[in-house]
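Please look over the sequence and the structure shown below before reading on. The report that follows takes up the ligands, then the nonpolar cores, and then a few residues of the backbone and loops.

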Amino acid sequence: MRTQVAIIGAGPAGLLLSHLLAADGVESVVLETRSREYVAARIRAGLLESSTVDILAACGLDGRLREQGLEHRGIYLQWPEERHHLDFVDLVGRSVWVYGQTEVTRDLVAARDAVGQQFVYEISDTALHDLDSDRPYLTYVDVDGREQRLDADAIAGCDGSFGPSRKAIPSGVGQTWERAYPFAWFGILADVAPSTDELIYAWHPDGFALHSMRSESVSRLYLQVPPDTDPATWSDDQIWEALARRLGHGQNGWQLHPGPITDRSVLPMRSYVYEPMRYGRLFLAGDAAHIVPPTGAKGLNLAVADVALLAPALAAMINKGDHAAADSYSERALRRVWRCTHFSWWMTTMLHTHGDDFDAQLQKSQLQWVSSSAAGSAGLAENYAGLPISY
Ligand code: FAD
Ligand code: DHB
């Protein structure tokens, strides 16, 4: 088989890249190890920044988002006895949208299916070859156990943090930066109306908690836990009690309403950046090149920003033989990646406790300043609501 761009991974980065490339007249094939059903059901991110919404709107993918998504003006920051609203629209003129990654994926798959995009699901043994030549290719084993080869002008490594793309770059070419955090997030999905109109990020001596949502009838909540936590060892009552305590149930009459828990998982937290995001004819995008801790909801948004830069760069290279944008892709993408890496680290550091009393005093001082100073609030708002793609 031959195509112009071979895309490894049918996550948000790979799917949106295939869509943006097609709009520029570039053909692609999307390869994926998992099944179509597995990819569609995976519960992950839930918050879209304004630039992500702008990109989805620009390519006509915002229909269901506008109908079923929830537009939020800002967030609440809270600590014991205090809750403050940060209004991003007032502060920086931009809002954010609650719309699950599952929904974004569904919209993208539907749009690609409608125009006959070629997907190859349930492949194994994906291997990348001749990346430093003009004729790179992939080999893999298809669902029926047959060995296949896909030749392309370029390969897009959109295969997440554990995929083969980054590992195919010879050692010594790139550099990695990493930070592990001594805690994890215990996330639940519950069939209950959210107890808040906008997200609550809560600092508490017992650990961080976040009240998010997926719709007017589904809540998504997170608790800071030790990284080795087995989610099966917590009873539903224990989860709701911890959430109620940390989120300030009873504070100024506010109440957290519990409901049936339909999904639970523990997510490890780390910061990771690999650079450069290109090697020869291989271009990395999304989690394949960088991971952020979830505080601040940047993972999905960064994947979208990467491919918004990558698609026109590949189109110029393939359609016109103009390599300038492809040559500067890594540098331009990394500028934004590092900004979001810093923001995610900063939000994580401000909100998660780790038993150090001095740090706890610094965190409360920082929360007070961010919540009460116009400059402090605007800095958080600008980063959270999302910097322009071209930042
Ligand atoms: P992915 O979505 O990981 O997609 C990569 C795809 O490549 C996958 O479908 C994978 O199956 C496929 N693949 C892997 N190997 C191969 C191979 N060899 N051949 C072919 N295909 C392959 N972000 C937030 O902002 N908020 C959150 O609450 C949040 N929760 C998360 C929870 C979990 C459990 C995880 C893992 C991530 C979470 N994230 C969250 C991060 C966010 O989901 C990611 O940043 C986002 O999915 C990145 O998109 P991507 O397309 O780059 O990678
Ligand atoms: C969600 C996840 C986040 O990491 C975050 O900061 C906000 C919302 C979510 O899954 O809804």
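## The surroundings of ligand 1

Ligand 1 is surrounded by 28 residues, of which the closest are E32, R42, R44, Q101 and D287. This arrangement, like everything described here, belongs to a predicted model. Sorted by class, the shell around ligand 1 divides into 12 nonpolar, 9 polar and 7 charged residues.

Several contacts can be followed at the level of single atoms. An N or O atom in the side chain of Q101 is 2.8 Å from an oxygen atom of ligand 1, and a polar side-chain atom of T126 lies 2.9 Å from a nitrogen atom of ligand 1, whereas P12 takes part through a backbone N or O atom, which lies 3.3 Å from an oxygen atom of the ligand. Of the 990 Å² of accessible area that ligand 1 has on its own, the protein covers 84%.

## The surroundings of ligand 2

Around ligand 2 there are 13 residues, and the closest are Y201, S212, R214, Y222 and P294. By class, this shell has 7 nonpolar, 3 polar and 3 charged residues.

Oxygen atoms of ligand 2 are approached both by side chains and by the backbone: a polar side-chain atom of S212 lies 2.5 Å from an oxygen atom of the ligand, a polar side-chain atom of Y222 lies 2.6 Å from one, and a backbone N or O atom of P294 also lies 2.6 Å from an oxygen atom of ligand 2. The protein covers 97% of the 290 Å² of accessible area that ligand 2 has on its own. The elements that give two or more residues to this shell are the strands β15 (209-213) and β16 (219-225).

In soluble globular proteins, nonpolar side chains tend to be buried together. Here the largest nonpolar core has 79 residues, and those with the most contacts inside it are L16, L17 and L48. Helix α8 gives the most to this core, with 15 residues.

Once neighbours within four places in sequence are left aside, L16 is in contact with I55, L56, C59, L61, L108, V304 and V307. A second, separate core has 32 residues, including I75, F88, V96 and A360.

## Loops and backbone details

D24 is found in the loop between α1 and β2 (28-31), where D24 touches A311, P312, A315 and N319, not counting residues up to four places away in sequence. Because its relative accessible area is 37%, D24 is classed as partly exposed. Although D24 and H290 are 266 residues apart along the chain, their C-alpha atoms are separated by 26 Å.

Which peptide bond is cis, with omega near 5°? It is the one from E275 to P276, and P276 is found in the loop between β17 (261-275) and β18 (278-279). Two residues other than glycine have a positive phi: E81, at about 75°, and D125, near 55°. E81 has its place in the loop between β5 (74-79) and β6 (82-87), while D125 is found in strand β9, residues 124-129. Both are exposed, E81 at 65% relative accessibility and D125 with a relative accessible area of 60%.

Conventions:
Residues numbered from 1 in each chain as written. Chains lettered and ligands numbered in written order. Predicted model: local features only at pLDDT ≥ 70, side-chain atom pairs only at ≥ 80, totals over all residues. Heavy atoms only, no water. Near = heavy atom within 4 Å. Polar contact = N/O pair within 3.5 Å; in protein donor to acceptor, adjacent residues only side chain to side chain. Areas by Shrake-Rupley, 256 points an atom, 1.4 Å probe, with all protein chains shown as cover. Helix = DSSP H or I, 4+ residues; strand = E, 2+ residues; numbered from the N terminus. Nonpolar A, V, L, I, M, F, W, Y, C, P; charged D, E, K, R; others polar. Core = buried A, V, L, I, M, F, W, Y, C linked by side-chain atoms within 4.5 Å. Buried < 20%, exposed > 50% of the residue type's maximum accessible area, 1.4 Å probe, protein only. Contact = heavy atoms within 4.5 Å.
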